Amino acid sequence: MAFSNTFSLCSILMIVTVGVLVGFTGSSSAQLSTNFYSKSCPKVFDTVKSVVKSAVSKEKRMGASLLRLHFHDCFVNGCDGSLLLDDTSSFTGEKTAGPNNNSARGFEVVDKIKSQVEKACPGVVSCADILAIASRDSVQILGGPSWEVKLGRRDSKTASLSAANSGVIPPPTATLNELVTRFRAVGLSQRDLVALSGAHTIGQARCTTFRARIYNETNIDASFARTRQNTCPRTVGSGDNNLAPLDVTTPNTFDTAYFKNLVNQKGLLHSDQILFNSGATNSLVKSYSGNAETFNSDFAKAMIKMGDNKPLTGSKGEIRLNCRKPN
């Protein structure tokens, strides 16, 4: 998603053959399972959810931030926890890449989850899996759907600033074609794109990600634009980090208001409103806006599908003891 500051979560697509799609998820994703830790760490779900629930109760925005970390991790070289790595002498990590710098957040919560999980089952649960579980819990705690999380990912030993900056994470200025292309590149369909964009029903974005839209675009509700302009000055460098909710209606509840906003031309990011702009995705946006059951079902399926993107399994990678650094 053009996952902005929640997830610029704002931070997301061509004809792809079945053979190519198999290459994206591959046999490694088939090794993931919902009961992967049933014997080795049976308390993992309760442990993760306890920390997430505490963090979200203190700051509702944290749910969106944790969800966004999972997105931005999976879109760069697969769901391998690489986004969590701090810079080292041998590589520069992904935290300072354009889509993440000054916007990716929630790392301290991940640290706390990892600490608690390590107490329960030392050296067993990967940081990549923790992100997948925490994302599901964040959505559910804020009123959204739940789903069975497939687990068994291992953690990368390195990260890539250049990969994170390569355009694989769609920017908030993305066109519909760009969104479709980038999502297809990680095995996600146009329907998945629209469903996952619905994650912008929670979280906030920085002025710098929507300034051009509220001052220059015409497919925007005039009153909505004026309201956003009150806290996002036209001048670049002024108020760049001022925040606005991605969903102006129910910013802390995971629901279908995001899609209703798009129908009413109240999408905050260009990459949000482009989903309802006389294009191929209009009908699906309209459908989701009036049918929470369909949206929730499609969102859950798309999250599982995204989580299947090129995981490290078997003997690849490692189980990091500290999510910020390789062992």
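Where is the place of Thr201? Thr201 lies in the loop between H8 and strand E1 (204-206), helices (H or I, at least four residues) and strands (E, at least two) being DSSP runs numbered from the N terminus. The model is predicted, so that local features need pLDDT of at least 70 and side-chain atom pairs count only at pLDDT 80 or more, whereas totals for chains, interfaces and linings use all residues. Residues are numbered from 1 along each chain as its sequence is written, and side-chain values use heavy atoms, with hydrogens and water left out.

An unreviewed UniProt entry lists Thr201, Asp247, Thr250 and Asp255 under "binding site"; such annotations may be inferred rather than shown by experiment. These residues are spread over 55 residues of sequence, yet they cluster in space, with a largest C-alpha distance of 9.7 Å. Thr201 is buried, at a relative accessible area of 0% (buried means under 20%, exposed over 50%, partly exposed in between, with a 1.4 Å probe and protein chains only).

Asp255 is placed in the loop between strand E2 (243-245) and helix H11 (257-263). Apart from neighbours within four places in sequence, Asp255 is in contact with Thr201, Asp247, Thr250 and Phe295, where contact means heavy atoms within 4.5 Å. The side chains of Asp255 and Thr201 are joined by a polar contact of 2.9 Å (a pair of N or O atoms within 3.5 Å; within protein, one must be able to donate a hydrogen and the other to accept it, and residues adjacent in sequence count only if both atoms are side-chain atoms).
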